[in-house]
Amino acid sequence: MPAKQTMKPKTAFEIRGGGAQLRTGCPAIDTCLRGGFRVGGITEISGESSSGKTQLCLQLSIQCQRSILEGGLEGGTLYVFCEGTFPVARLEEMAGGNRSLLDHIFVEHADSAEELWTVISSPKLHSALAKGIIKLVVIDSLTSIIRGEFSSSRQDLSDRADTLFAFAGRMKRLASLYDCLFLVINQVSGVFEKYPAPAGMADSFLPNGHELNQTALIPPLKVSPSLGIVWSTCVNTRVMLHRIEDPSRAQVVTRALKTNVITFAPVLRELRILLSSRLPTSSCRFIVTRKGLVDE
């Protein structure tokens, strides 16, 4: 068992100054986040399939190794992959072939809640966090594990809530104790037609952050982060990614001379801040290229 660490209290002035931030390397997203993802607590990244969740986390794994002045955290990443095979070829492509960057990204696989608990509770992780070897922990994705182990029965829902609270409590303690960042990928569920709220319950009870506070410039989405109200109370920052279907961008952009190669415009994507204790509800757009996430 790792030696027991006590959490050091911080003054109000230290809290006001904020902690270190991890930039994404995409100026539009960093501007939307007012500098990047802040260490401490749990940040959730949700979105539909192929919206760019894993792409963003891979890019952050590379960015994390940069110096503080360059927007990094000067540390490595523990990437806990819970779905299929880890995309190491894509990571190497985003790293520009720089193999040294891959040496500081450590990959663990977890196929069950028990295995995930073992990873985030291991003495090796505690030691790496304490020494600053690891500054970013990515869980990709928590939803795949939870959905695979718990049914919709009353007992399973209760057990699922206990499991989510246990995971969140452990991650928040580690994040606060070692000034690191936990990124948790979440999937989405469909949003059905809204029914009137029960008597005495205000609409603001809904925790996902995008049912209200939207303007004409940010239309509501047809999906919502999964794992329900219990998990929504555990995250400190919640962002959602989604693809923007634009028929005009699907048209041919260029046709290479003397060849039959046709180039199409990259798919436009959007990041929305749904919930944050320090950021207003806002959004920005980006595209994914071979080198990673860049401005539109």
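No disulfides turn up here: the count comes to zero, where a disulfide would be a pair of cysteine sulfur atoms within 2.5 Å. Keep in mind that this is a predicted model, in which local features need pLDDT of at least 70, side-chain atom pairs count only at pLDDT 80 or more, and totals for chains, interfaces and linings use all residues. Residues are numbered from 1 along each chain as its sequence is written, and side-chain values use heavy atoms, with hydrogens and water left out.

- C64 is in no disulfide, and its nearest cysteine sulfur, that of C180, is 9.6 Å away.
- C64 has 0% relative accessibility, so it counts as buried; buried means under 20% relative accessible area, exposed means over 50%, and partly exposed is in between, using a 1.4 Å probe and protein chains only.
- C82 also counts as buried, because its relative accessibility is 10%.

**The sheet**

- Nine strands form an open sheet with mixed pairing, in the order β5-β4-β6-β7-β3-β10-β13-β14-β15. Strands are DSSP runs of E with at least two residues, helices are runs of H or I with at least four, and both are numbered from the N terminus.
- The edges belong to β5 (105-109) and β15 (292-295); each has a single partner strand, so one side of each is left without a neighbour in the sheet.
- On average, neighbouring strands of this sheet are turned by 25° against each other, direction ignored.
- F286 stands opposite D295 in β15.

- β7 is mostly covered, with six of its six residues buried.
- Both faces are covered: L181, L183 and I185 are buried on one side, and F182, V184 and N186 are buried on the other.
- β3 pairs with β7 in the parallel sense over five bridges, and E44 stands opposite V184 in β7.
- β6 pairs with β7 in the parallel sense too, over four bridges, and L136 stands opposite L181 in β7.

**Helices on the sheet**

- Helix α3 (residues 53-63) lies across several strands, including β3 (42-47), β6 (134-140) and β7 (181-186), and runs at about 165° to β7. Axes are lines fitted to C-alpha atoms, for helices over the stretch in contact, and angles run from 0 to 180 degrees between N-to-C directions.
- Helix α9 (residues 154-178) packs on the sheet and touches β3, β6 and β7, with its direction at about 150° to that of β7. Contact here means heavy atoms within 4.5 Å.
- T163 sits in helix α9 and is buried, with a relative accessible area of 18%.
- Leaving out residues up to four places away in sequence, T163 touches A113, I146 and F150.

**The α6/α7 pair**

- The axes of α6 (residues 113-121) and α7 (residues 123-131) come within 5 Å and cross at roughly 40°.
- That makes α6 oblique to α7: angles under 35 degrees count as roughly parallel, over 145 as roughly antiparallel, 65 to 115 as roughly perpendicular, and the rest as oblique.
- V119, I120 and S121 of α6 make the contact with P123, L125 and H126 of α7.
- By class, this contact has four nonpolar, two polar and no charged residues. Nonpolar covers Ala, Val, Leu, Ile, Met, Phe, Trp, Tyr, Cys and Pro, charged covers Asp, Glu, Lys and Arg, and the others, Gly among them, count as polar.

Technical notes
Pairing = 2+ DSSP bridges.
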